[in-house]
Amino acid sequence: MKDALENRIEEFQDRVIAKRNMARAKDIPGWGMDADPENDPAYPMKHTNGADHQRFDYEKPPQQPLDMEVFHSIERPGVTRVFGTSTPPAGLSGAIRRYAYKYSEATATHWMTLILADRVDVIQGKLNDLKHGVLPNPWVERGWNAEWKYNRSAFIGKAATTALLITAGIMLLSKKNSSKQHSREW
Amino acid sequence: MLAMNFRGPYQIRADRNRPEPEIKHPMDAIVRVTRSLICGSDLHLYHGLVPDTRVGMTFGHEFTGIVEEVGSGVKKLKVGDHVLVPFNIACGSCPHCKQELYGNCHEANAEATAVGGFFGYAHTGGGYDGGQAEYVRVPYADVSPTVIPEGMDPENAVLLTDVVPTGYQAAEQGGIQKGDTVVVFGAGPVGLLAARFSWFFGAGRVIVIDELEYRLEFARKFAFAEAYNFREMDDPVVFLKKATDYFGADVCIDAVGCDATGSAFQNITGKGLLLQAGNATAFHWAVNSVKKGGIVSIIGVYGPPWNLVPLGSIMNKGITIRGNQASVKRLLPKMIDHIMSGRINPKEIITHRFPLEEIPDAYRMFSKKMDNIIKPLLIPPRANA
């Protein structure tokens with residue numbers, strides 16, 4: 001059993017250390033300059049202005065034109081005045097997302113369905129790449145250049161183990177197939 | 001243009017064929033990126049832990065850039081301004097923005113009400129493309145983007161877009177009082193800054209817990225903290241109780257979030273099966289290590305916001321155990337003052353600089369903590385065009 005840190009902490013008595021630190025606090029740039037006894041329990045605190053009942057009557061910015069399909073949480077009435085246009089829903093993953101947005105953010109259905117859509121989207125992305133003549137390059141895209149430079153031995157070990165497991169799996173499957181074929185011949 | 005292109009978990013492309021962004025709203029601006037960073041929370045996207053992270057997205061919520069074009073409604077910014085762009089997209093007029101909760105704006109994220117609008121942070125964060133690109137569309141350009149003060153180091157400026165205010169808010173949310181003992185879980189960039197800023201509130205003792213020796217050493221030097229490796233402990237909670245006269249720390253800060261390590265059970269249920277909002281080990285340690293009546297400050301990002309305990313919502317909505325996304329705009333004046341006065345030089349945490357073209361390697365290195373990496377900076381080819 002290692003000599004765990006908690007068995008060696010006689011020296012770490014809290015108040016003693018805190019007092020000692022405070023005695024030399026002047027050596028720490030900025031020490032105590034933002035201390036505020038009123039700041040407890042601290043931000044975020046509500047800033048009341050005497051007219052909180054008017055807080056929802058704010059002037060809204062103009063609406064960004066809705067020139068694409070944008071999902072919105074059913075916990076709000078419509079899309080926000082401004083929204084992102086990064087990657088509109090498409091294909092099967094889009095259909096799954098459309099289903100997810102029928103449920104509130106309080107439900108597992110909403111979030112887990114989105115996670116499922118994300119995984120489908122990855123396959124869809126690969127098919128799209130191929131459709132556009134783009135061949136994925138895992139060596140570059142997975143940052144294996146960096147692994148080769150900074151983590152070579154572990155990287156080679158992992159690659160060898162993976163290759164070994166794949167080979168063993170293929171051999172096992174081909175053995176099963178040949179024994180099935182054999183039994184059919186019988 | 002050249003931009004990061006997400007192709008699925010652990011797979012990204014430096015894509016030269018991305019379309020340039022356009023003005024879509026009168027209050028938009030187009031910014032040519034001069035510097036961007038990879039954030040620890042980008043890794044949650046990279047690892048596939050955040051729902052609705054769509055293939056084809058560009059990440060990046062920490063960037064600076066030159067204003068190239070402005071919409072008809074933009075009044076404060078002008079073409080040619082060199083701006084730092086806070087990661088929160090905020091309208092500036094809704095009740096949340098009026099309360100300075102810029103990370104919770106009601107008019108920036110259609111897809112989720114529990115989460116604000118953020119650059120490059122999945123459709124859960126509003127579906128905006130981010131700054132790991134040559135150009136970005138910046139909505140509500142008059143609200144948060146801020147002209148970089150004269151004389152400020154550009155690397156400090158880009159750190160002001162998220163990590164510096166986030167570290168500060170982590171400490172602030174803890175309500176640290178003079179002499180308090182603060183424990184920070186996680187010695188990543190945000191944890192390091194949270195530890196360093198804890199002193200600004202008058203902490204009497206700052207303890208950092210992590211598993212990587214190089215990060216612990218960095219915490220000792222950069223944050224003047226006591227730093228301990230939880231791999232050397234039988235039980236971090238028992239260690240911290242013993243280290244605090246069996247009372248617990250006054251304040252515990254979770255600066256880790258869903259990608260935590262240290263518990264096989266949490267790993268399987270959180271990161272493998274996604275039955276909770278990621279691996280909540282750091283949060284559990286924080287809750288268990290804090291004294292009775294103490295404060296737990298969550299600044300780590302969590303995954304799918306459904307859960308037995310809705311951690312993601314707690315964190316993103318700032319409703320209970322002091323958690324929220326940093327309100328960058330609110331904190332900027334104070335942060336600028338701290339940097340310009342020399343009290344802190346945050347660019348010390350930038351350990352690696354990559355051309356944007358090498359972004360897949362940068363993500364891999366940051367994800368696997370290779371070459372003692374703390375914070376990677378990306379420089380687009382047209383940074384100085």
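Author: Helix 1 of chain B contributes the most to the lining of the largest pocket, namely four residues. The model under discussion is a predicted one. Helix 1 spans residues 40-46 of chain B, and other elements of chain B that each supply at least two residues to this lining are helix 4 (163-173), helix 5 (189-200), strand 11 (205-210), helix 9 (281-289) and helix 12 (359-367).

The space in the largest pocket amounts to about 950 Å³. Its lining is made by 48 residues, and those closest to the centre are His44(B), Arg215(B), Val256(B), Asp259(B) and Lys369(B). Sorted by class, the lining of the largest pocket holds 25 nonpolar, 14 polar and nine charged residues.

The second largest pocket has about 460 Å³ of space. There, 24 residues form the lining, and Asn128(A), Arg7(B), Arg18(B), Val55(B) and Gly56(B) are the ones nearest the centre. Two or more residues of this lining come from each of helix 2 (91-100) and helix 3 of chain A, and from each of strand 1 (3-8) and strand 2 (11-15) of chain B. Helix 3 of chain A gives the most, with five residues. By class, the lining of the second largest pocket comprises five nonpolar, 10 polar and nine charged residues.

The contact between the two chains deserves attention next. Chain A brings 92 residues to the contact and chain B brings 101 residues. Between them an area of about 8,200 Å² is buried, and carbon and sulfur atoms give 53% of it. In polar contact across chain A and chain B there are 49 residue pairs, both partners being at pLDDT 80 or more. On the side of chain A that touches chain B, helix 1 (14-23), helix 3 (108-131), helix 4 (138-141) and helix 5 (144-150) of chain A each provide at least two residues. Helix 3 of chain A has the largest share of that side, with 12 residues. The residues of chain A on that side divide into 45 nonpolar, 21 polar and 26 charged.

It remains to consider the charged pairs. Side chains of opposite charge can pair when their charged atoms come close. Over all chains, the count comes to 31 salt bridges, and nine salt bridges are found across the interface of chain A and chain B. In one salt bridge, Arg13(B) is joined to Asp129(A), with 2.7 Å between the closest N and O atoms. In another, the side chains of Lys368(B) and Glu147(A) meet at 3.1 Å, N to O. This pair crosses between chains: Lys368(B) belongs to the loop between helix 12 and strand 16 (375-379) of chain B, while Glu147(A) lies in helix 5 of chain A. Helix 12 of chain B is also one of the elements that supply at least two residues to the lining of the largest pocket.

Notes
Residues are numbered from 1 along each chain as its sequence is written. Chains are lettered from A and ligands numbered from 1 in the order in which they are written. This is a predicted model: local features need pLDDT of at least 70, side-chain atom pairs count only at pLDDT 80 or more; totals for chains, interfaces and linings use all residues. Side-chain values use heavy atoms; hydrogens and water are left out. Contact means heavy atoms within 4.5 Å. Buried area is the accessible area (1.4 Å probe) that two parts lose on being put together, summed over both. A salt bridge is a side-chain nitrogen of Lys or Arg within 4 Å of a carboxyl oxygen of Asp or Glu. A polar contact is a pair of N or O atoms within 3.5 Å; within protein, one must be able to donate a hydrogen and the other to accept it, and residues adjacent in sequence count only if both atoms are side-chain atoms. Ala, Val, Leu, Ile, Met, Phe, Trp, Tyr, Cys and Pro count as nonpolar, Asp, Glu, Lys and Arg as charged, and the others, Gly among them, as polar. On a 1 Å grid over the protein atoms alone, a cavity is a set of points where a 1.4 Å probe fits but cannot get out, and a pocket is an open set with protein on both sides within 12 Å along at least five of seven lines; lining residues have an atom within 4 Å of a point. Grid points are joined across faces, edges and corners, and a volume is the space filled by probe spheres set on the points.
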